Amino acid sequence: MDGGTGWPAGVRGQAIAQGSPPGVAPLVGQRDALRAFGEALDASSDGSRFFLGLVGDPGAGKTRLLGELAADAGRRGLVTLWGRAAEFEQEMPFGVVVDALDDQVEACLPGLATQLGADTCGLLASVLPSLRAGAPGLDGPAGPGPVRDLTGRYRIYRGLRRLLEQLAAPHGLVLILDDVHWADNASVELLDHLVRHPPRGRVLVAIACRPAQASARLAALLASAGAHGGQVPVEPRTLAKTQEL
């Protein structure tokens, strides 16, 4: 066990391999983006900044940049979790969030369930299969849950915010969500909730999306996130950019 927190050893920085595989050449021509990553990671330590949006067209290098962010977070000893939205899963509520969190939640059971409490676990079991399967007393079949009810969704948003806070303790958490232009409405609503009600503790949420394919709700979210972070425009590398270093 790691640090007496109840989390398994080796969890921190686990997304590094996705972003920076061995043999990949150093990233050049994205100095401004890399500087923004360092500033965001620094600011997340005191809670003054927790949201980062990478915006760029297909092929601009957003996923590779997210990999650099994951690598930097791993070097700092932060838990790094990575999820990707899929075009054909847009009807699955919280799909990109489940992709990012579910394996980690399963790895942290049963201690995480104790930290969250039975009520929050029961609520989040309607979203995260790992909680339904692994938390004590929640081994029955999943019901429809409160996802479609406005009040129920708000309770889920609060529960997921609390989950992020628990996963962040004590070292910090970087949650990376890629291809968010494909994300379902519930995931975008959760991000909006987190921008308006930031998690306590050291949490950085970084998303990447294509602006031309972003929904009106996602575009509004990115525009309103300045108070807790900001946007990082990602443009294809040119010869001039590759000569920055």
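Which residues are buried in helix α10 (residues 216-224)?

Reply: Happy to. Please keep in mind that this is a predicted model.

In α10, which spans residues 216-224, the buried residues are L218, L221 and L222. Looking down the axis of α10, you will find these buried residues within an arc of 95 degrees, so they line one face of the helix.

What does the buried face meet?

Stepping back, the protein has 11 helices and five strands. Of its 245 residues, 50% count as buried. Among contacts between residues at least 6 apart in sequence, 79% join residues at least 24 apart. The accessible surface comes to about 11300 Å², with 51% of it belonging to carbon and sulfur atoms.

The structure holds two aromatic pairs. In one of them, F94 and Y157 have ring centres 6.1 Å apart and planes at 70 degrees; planes over 60 degrees apart count as edge-to-face, so this pair is edge-to-face. The pair links distant parts of the chain, 63 residues apart: F94 sits in the loop between β2 (79-84) and α4 (95-107), while Y157 belongs to helix α8 (residues 150-168). Both F94 and Y157 are buried, and the relative accessible area of F94 is 0%. The backbone of F94 also deserves a glance, with a positive phi of about 65 degrees although F94 is not a glycine.

D179 is another non-glycine residue with a positive phi, near 55 degrees. D179 lies in the loop between β3 and α9 and is buried, with a relative accessible area of 14%.

Back in helix α8, you will also find R153. With a relative accessible area of 18%, R153 is under the 20% limit and therefore counts as buried. Helix α4 holds Q104, which is buried at 3% relative accessibility. From the C-alpha atom of Q104 to that of S130, 26 residues apart along the chain, the separation is 8.9 Å.

For your backbone checks, there are cis peptide bonds from L109 to P110 and from A169 to P170, each with omega near 0 degrees. P110 is in the loop between α4 and α5 (111-116), and P170 is in the loop between α8 and β3.

Finally, a word on confidence. The protein averages a pLDDT of 82, and 79% of the residues score at least 70. Confidence is highest in strand β3 (residues 173-178), at a mean of 97, and lowest in helix α1 (residues 16-19), at 41. The pLDDT stays under 50 over residues 1-25, where the model has 45 contacts beyond four places in sequence. It also stays under 50 over residues 238-245, where there are 11 such contacts. Where pLDDT is low, the predicted coordinates should not be read in detail.

Methods
Residues numbered from 1 in each chain as written. Predicted model: local features only at pLDDT ≥ 70, side-chain atom pairs only at ≥ 80, totals over all residues. Heavy atoms only, no water. Phe/Tyr/Trp six-rings, centres within 6.5 Å; stacked < 30°, edge-to-face > 60°. Helix = DSSP H or I, 4+ residues; strand = E, 2+ residues; numbered from the N terminus. Buried < 20%, exposed > 50% of the residue type's maximum accessible area, 1.4 Å probe, protein only. Contact = heavy atoms within 4.5 Å. Areas by Shrake-Rupley, 256 points an atom, 1.4 Å probe, with all protein chains shown as cover. Arc of directions from axis to C-beta. pLDDT = per-residue confidence, 0-100.
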